[in-house]
Amino acid sequence: MNTAAAVWSERADAAEGAIVSRHVRRLWALPGTALGVVGWPAVRRERLFLSWHYWWQAHLIDTAVDAAERDATPRRRRRVVRLARTHRFRNITGWTNNYYDDMAWLGLSLERAERHLYVDHRGAIATLVDELVDAWQPECGGGIPWRRRDNFFNAPANGPAALLLARTGRVYRAEEMADWLHDVLLDPETGLVLDGIRDGVHERAIYSYCQGVTLGLETELALQLDDPCHRRRVHALVAAVDDHLTERSVVTGGGGGDGGLFNGILARYLAMVATTLPVVDGDDVRARTVAARIVLASAEAAWENRLQVEELPVFGRDWSQQARLPGLGTSVARFAGGTVRESAVPERDMSVQLGGWMLMEAAYAVAASRSR
């Protein structure tokens, strides 16, 4: 391991330690369980897992897989097993829920746990994949909808769903979904992916995680298919992210609630571009280089602006600004209208800290790839 990779591994260890010590607890004191408490310091409903946020837990599993892939230990593998098992138990009704984006994120984490750690999730993955395949609605303008019985077709559902389908043998549908994202949701002015479309009218919000998961999807298709269009789409989208969503190569913005995960997801898939995009020509090299630069600059900024509490990091809602000390403030994160609104002090939200950990793992992946 080179010096840079060793530094980022230590920082990823610290971020992991912060999440494990502050957030990961047994579910209802049951032996052999583990789930993420969604706030720190936590209020009663969070400690009792009355609030638990399905898709945050999916990313907790995914990032725990990152740590185990970086440095495999029996403890890390057991943690992934317990997190996945407890997710199923807390969800009560099985692996699925009413939100296709949630199910896609969970499917991605379980597929990676199976592929990298040999944790058998075949039944769960098949169930989730079937849900996503059946949700395809080209006759209604999709895409797949955001949730059941909804007419909003968006990138946060179609991106991770298509990536999961590509990784589980449904490449034909994944390619259809990638084409839909490119043809319907790509903004010709900025080159960025818009949020979604409802009844032919675009929701024009730009979210960083929509760019991230689209980059992951197109990179996966570039790896699997002999079609240069996917590499070209990656080139253009990396450049658009660099132009519009960074300042001095640091990803801008941020937030708490659901938004606490957005930039971490972008970093995860920029790291995927930087380490796995096939290299055929100079444009591929350029895209990989720019993606790596954004990940490493963002990670350095987030680390420099962290707080240290009991020798463990607290990351800021915005990686370019000094983190604030978590506290209950005047409000805590709540689920409303299909999304989780941020706490008055966003740094208390597990999503923000999980996004920081995700970024540290992404920086390690980039640095380690350079040494190879």
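Biologist: First, what does buried mean here?
Modeller: Buried means under 20% relative accessible area, exposed means over 50%, and partly exposed is in between (1.4 Å probe, protein chains only).

Biologist: And what kind of model is this?
Modeller: The model is predicted, so to speak of local features needs pLDDT of at least 70, side-chain atom pairs count only at pLDDT 80 or more, and totals for chains, interfaces and linings use all residues. Residues are numbered from 1 along each chain as its sequence is written, and side-chain values use heavy atoms, with hydrogens and water left out.

Biologist: Take helix 5. How many of its residues are buried?
Modeller: 15 of the 18 residues in helix 5 are buried. Helix 5 covers residues 100-117. Helices are DSSP runs (H or I, at least four residues), as are strands (E, at least two), numbered from the N terminus.

Biologist: How far does helix 5 reach?
Modeller: 25 Å from first C-alpha to last, close to the expected 26 Å. That expected span is 1.5 Å times one less than the number of residues.

Biologist: What comes just after helix 5?
Modeller: Y118, with a positive phi of about 60 degrees.

Biologist: New topic. How many aromatic pairs are there?
Modeller: Twelve. Rings of Phe, Tyr and Trp (its six-membered ring) pair if their centres lie within 6.5 Å; planes under 30 degrees apart are stacked, over 60 edge-to-face, the rest tilted.

Biologist: Why is the pair of Y209 and F262 called stacked?
Modeller: Because the ring centres of Y209 and F262 are 3.9 Å apart and the planes are at 5 degrees. Y209 is in helix 9 (residues 208-224) and F262 in helix 11 (residues 262-276), so the pair ties together parts that are 53 residues apart in sequence.

Biologist: Are those two buried or exposed?
Modeller: Y209 and F262 are both buried. Ring pairs also link them with W55, W105 and Y207 into a cluster.

Biologist: Now pockets. What is the volume of the second largest pocket?
Modeller: About 570 Å³. A pocket is an open set of points on a 1 Å grid over the protein atoms alone, where a 1.4 Å probe fits, with protein on both sides within 12 Å along at least five of seven lines. Grid points are joined across faces, edges and corners, and volume is the space filled by probe spheres set on the points.

Biologist: Which residues lie nearest its centre?
Modeller: D66, E69, R112, T275 and A365, out of 21 lining residues (an atom within 4 Å of a point). Helix 3, helix 5, helix 11 and helix 13 (350-371) each give two or more residues to that lining.
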